[in-house]
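Hello,

Here is the structure I promised to hand over. Please open it first, and then read the notes below alongside it.

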Amino acid sequence: GTCSETCGTGQRSRAVWCESGDPSHCDAAAKPASSEDCSAHAECMFEVGDWEPCNATCGYGKHTRTVECMRFDKEPRDVGHCIAALAPGMAKPSTEEEC
């Protein structure tokens, strides 16, 4: 089945039954699980804040910004889910750079 989560860890379920139609004909201990954990990343995105002012007034310094992982509806998620959603060759946006 489809994962219950679109950005993060959720549950996926399936129907499991005895092929004969009579549960007594099947070993209950060998019955496969009807649900399992799953991960999905289709609706994960990085929310990137504005750069803060440079911390240096003369010469080189650094400035920072927030970078958070969100589901499409702005629900916060673990950054690992957004990293997993990145296209090959892409990287997490930086939180700090020289200025």
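A disulfide here is a pair of cysteine sulfur atoms within 2.5 Å. By that criterion, the structure holds five disulfides.

Before the details, a word on the ground rules. This is a predicted model, so local features need pLDDT of at least 70 and side-chain atom pairs count only at pLDDT 80 or more, while totals for chains, interfaces and linings use all residues. Residues are numbered from 1 along each chain as its sequence is written, and side-chain values use heavy atoms, with hydrogens and water left out.

Now the cysteines. If you number the bonded ones in sequence order, they pair as 1-5, 2-6, 3-4, 7-10 and 8-9. One of the links joins Cys 7 and Cys 44, with the sulfur atoms 2.1 Å apart. Cys 7 sits in the segment before β1 (8-13) and Cys 44 in strand β3, so this bond ties together parts that are 37 residues apart in sequence. (Strands are DSSP runs of E with at least two residues, helices are runs of H or I with at least four, and both are numbered from the N terminus.) Cys 7 and Cys 44 are both buried, where buried means under 20% relative accessible area, exposed over 50%, and partly exposed in between, using a 1.4 Å probe and protein chains only.

Another disulfide connects Cys 69 and Cys 82, again with sulfur atoms 2.1 Å apart. Here strand β5 is tied to helix α1 (residues 79-85), because Cys 69 lies in the former and Cys 82 in the latter. Cys 69 is buried at 4% relative accessible area, and Cys 82 at 2%.

Which cysteine has its sulfur too far from the closest cysteine sulfur for a bond? That is Cys 58, whose sulfur is 11 Å from the one in Cys 54. Cys 58 is exposed, at 70% relative accessible area.

Four of the five residues of β5 are buried, so the strand is largely enclosed by the rest of the structure.

Enjoy exploring!
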